[in-house]
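Take a look at the structure below.

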Amino acid sequence: MKFRHVPARQGAVWVRQGLRVFFRRPLAFGMLLFIYMFAGPLLMFTVAPLATVGFMIATRQSLEGGFPFATVFLQPLQAGRAQRWAQVRLGIAYAVGIGLVFWLADAVGGASLDALREAVATGRTAPEQLEPLLADPALQWGWLILVAGISLLAVPFWHAPALVHWGGLGAAKSLFFSTVACWRNKGALLVFSLGWAALVVLFALLSNLLFALLGMPQLAFAVVTPAMLIVSAAFYASLYFSFADSFEWPASAPPSDTVEASR
């Protein structure tokens with residue numbers, strides 16, 4: 001296993017590849033996303049690394065002409081005892097890390113966020129009513145901590161579950177090599193992230209504009225919500241490509257879901 005460096009424009013290729021493989025098996029990836037979300041907010045954080053490599057396995061199976069089932073989430077736990085416990089440790093570490101990020105963000109801007117949530121719930125959504133709430137420095141710092149914390153935490157965990165599954169690395173080594181790989185390809189990952197964000201924003205703007213012109217702005221939310229689920233499923237389907245392009249595997253030992261990697 002060796003690191004590979006790809007140009008920044010490769011991030012856009014990963015987005016296109018993710019969309020292509022998703023639309024090849026939309027029902028399968030939609031089902032997998034639903035199963036993952038059904039775990040609930042708390043459990044989702046713990047199984048997030050496992051879900052990540054599960055979606056990667058699903059992408060590989062789709063590329064090979066198969067139809068991925070929910071068992072892709074169990075395959076990383078069947079690779080071997082050492083790899084199984086490494087995946088468990090990654091899940092616990094991620095849950096603790098994300099919990100600390102949310103705790104810190106809530107400690108800084110929790111009261112302001114509660115005030116904003118209450119205003120929206122009671123229908124006080126006029127610009128003059130929301131402006132002072134959105135301008136609250138505590139709210140802005142809370143959001144900044146949340147976004148920055150989740151982004152930084154994503155770096156060591158981006159490739160780590162796949163490195164455990166296909167590379168046979170331990171939890172600590174996988175986190176280290178994931179961080180190095182992400183740094184080497186930071187340009188491509190930035191373009192990749194901006195590409196997905198642009199798709200979300202563009203679709204939301206076009207939907208709001210279209211239904212506003214039709215005189216039915218209330219329907220925009222009903223369309224945007226399932227569309228965001230589709231984008232989310234396609235995003236998870238694209239993760240495998242960022243992993244596959246970031247590492248060079250020996251020809252004698254390519255990533256495989258059926259061959260247990262040496263430990």
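The notes below start with the basis of the model and then take up each topic.

This is a predicted model, where local features need pLDDT of at least 70, side-chain atom pairs count only at pLDDT 80 or more, and totals for chains, interfaces and linings use all residues. Residues are numbered from 1 along each chain as its sequence is written, and side-chain values use heavy atoms, without hydrogens and water.

The largest pocket holds about 1400 Å³ of space. Its lining has 38 residues, and Tyr94, Ile150, Ala154, Trp158 and Phe235 are the closest to its centre. A pocket is an open set of points on a 1 Å grid where a 1.4 Å probe fits, with protein on both sides within 12 Å along at least five of seven lines; lining residues have an atom within 4 Å of a point. Helix 6 (137-157) is one of the helices that each supply at least two lining residues. Helix 6 gives the largest share, eight residues. Helices are DSSP runs (H or I) of at least four residues.

**The salt bridge.** The whole structure has one salt bridge. Arginine 60 pairs with glutamate 64, with the closest N and O atoms 3.5 Å apart. The cut-off is a side-chain nitrogen of Lys or Arg within 4 Å of a carboxyl oxygen of Asp or Glu.

**Accessibility.** Buried means under 20% relative accessible area, exposed over 50%, and partly exposed in between (1.4 Å probe, protein chains only).

| Residue | Relative accessible area | Class |
|---|---|---|
| Arginine 60 | 12% | buried |
| Glutamate 64 | 58% | exposed |
| Isoleucine 35 | 31% | partly exposed |

Isoleucine 35 sits in helix 2.

Note on methods:
Points joined across faces, edges and corners; volume = space filled by probe spheres on them.
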